[in-house]
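The entries follow in the order in which I looked things up.

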Amino acid sequence: MSLHPTLQPYADAWTHSIEAISELLQPLPEAEWNRRTPCPGWSVRDVVSHVIGLDCEMLGDPRPIHSLPRDLFHVTNEHQRYMEMQVDVRRHHTAPEMTSELEYVIIRRNRQLRNESRDPGTKVRGPHGSELTLEESMRRHAFDVWAHEQDLRTALGRPGNLDSPGALVARDVLLGELPRVVAEDAQAPRSSAIVFDVHGPVEFLRTIRVDIQGRGTLETAPALGPAATLTLDWETYVRLACGRVTPESVSDRLKTEGDPELTAAILNNFAVTR
């Protein structure tokens, strides 16, 4: 294996999640592919199409030439149009066609990872022609595929892997967004601290400190007298951060203390995926 050690955890997380998805789909009857998922407007088939499309882009395949219908209510911006292309082009594929394509993509990606010898800092192509490092690309991809594994599990009533390698990547990705959510989006008071206490399969206690300039930083040290504390389970944290549920719909799984306007602002800005 020529993969750089920094990249190995992301390759391992992707492998674990994509194999779990493949396992979920193998016995799935055709009708089950039409089940609704937590992703607005997307069925099980659509989420799998999206995952296939993500891996095709990691492989450097050309994007499909396809005209989107004009009546897709869940497509409201250019980012969503970009993502929808890989989905809509497969919307009428049968279950065997979907599983065959997924298995072929997995084989190709495994071969790509076996031969990957580039430095983590190498610049690669991202969505919309953007440029990012290979490390960030693999990190985001491992997170995306794990999140969509969870979407499929929710749709199919097959919970699991909330503490898998992909879950740990997701934890770090989502924690990395917290300073912006708290300090910039929710406009937490300057010189304040907000505590997040998360329990369940993945547990952590983190503090966001907002300095006098209004900049947020992530800390592991607990805060004395925080402006607000949010306590919730890991699954709820993920579903909120990924925009799969609203704060109101999971209020019974949330405990908030401190400034109610601040906690409401944080929760209303908690979704970080588009």
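Predicted model: local features only at pLDDT ≥ 70, side-chain atom pairs only at ≥ 80, totals over all residues.

I began with the contacts of Asp151, setting aside its neighbours within four places in sequence: Thr37, Pro38, Cys39 and Arg244 are in contact with Asp151. I located Asp151 in helix α5. Is Asp151 buried or exposed? I read a relative accessible area of 3% for Asp151, so the residue counts as buried, the cut-off being under 20%. I then looked for a polar partner and found that the side chain of Asp151 makes a polar contact with the side chain of Arg244, at 2.7 Å.

I checked the length of α4, which runs over residues 95–114. Next I listed the buried residues of α4: Ala95, Met98, Thr99, Leu102, Val105, Ile106, Arg109 and Leu113. I looked down the axis of α4 and noted that these buried residues fall within an arc of 125°, so they line one face of the helix. What do the buried residues of α4 pack against? I found α1 (8–25), α2 (44–59) and α5 (134–156). The helix α5 in that list is where I had placed Asp151. On the face of α4 turned away from its buried side I noted the exposed residues Pro96 and Tyr104.

How many salt bridges does the structure hold? I have 23 on record for the structure. I looked at some of them one by one.

Glu32 and Arg35 meet through their side chains in a salt bridge, 2.8 Å from N to O. I noted Glu32 as partly exposed, at a relative accessible area of 24%, and Arg35 as partly exposed too, at 37%.

Arg90 forms a salt bridge with Glu101, and I read 2.9 Å between the closest N and O atoms. This pair links distant parts of the chain: I placed Arg90 in the loop between α3 (78–88) and α4, and Glu101 in helix α4, 11 residues apart. I noted Arg90 as buried, at 6% relative accessibility, whereas Glu101 counts as partly exposed, at 23%.

Glu116 and Arg118 also meet through their side chains in a salt bridge, 2.8 Å from N to O. I noted Glu116 as buried, with a relative accessible area of 7%, whereas Arg118 is partly exposed, at 37%. I also noted a network in which salt bridges that share partners join Asp46, Glu84, Asp88 and Arg91.

I found Gln187 with a phi near 55°, a positive value in a residue other than glycine. Gln187 sits in the loop between α6 (165–185) and β3 (192–199), and I noted Gln187 as exposed, with a relative accessible area of 59%. Where is Ser191 found? I placed Ser191 in the loop between α6 and β3. Ser191 has a positive phi of about 60° although it is not a glycine, and I noted Ser191 as exposed, at a relative accessible area of 55%.

Terms used: Residues numbered from 1 in each chain as written. Heavy atoms only, no water. Helix = DSSP H or I, 4+ residues; strand = E, 2+ residues; numbered from the N terminus. Expected span 1.5 Å × (residues − 1). Buried < 20%, exposed > 50% of the residue type's maximum accessible area, 1.4 Å probe, protein only. Arc of directions from axis to C-beta. Contact = heavy atoms within 4.5 Å. Polar contact = N/O pair within 3.5 Å; in protein donor to acceptor, adjacent residues only side chain to side chain. Salt bridge = Lys/Arg side-chain N within 4 Å of Asp/Glu carboxyl O.
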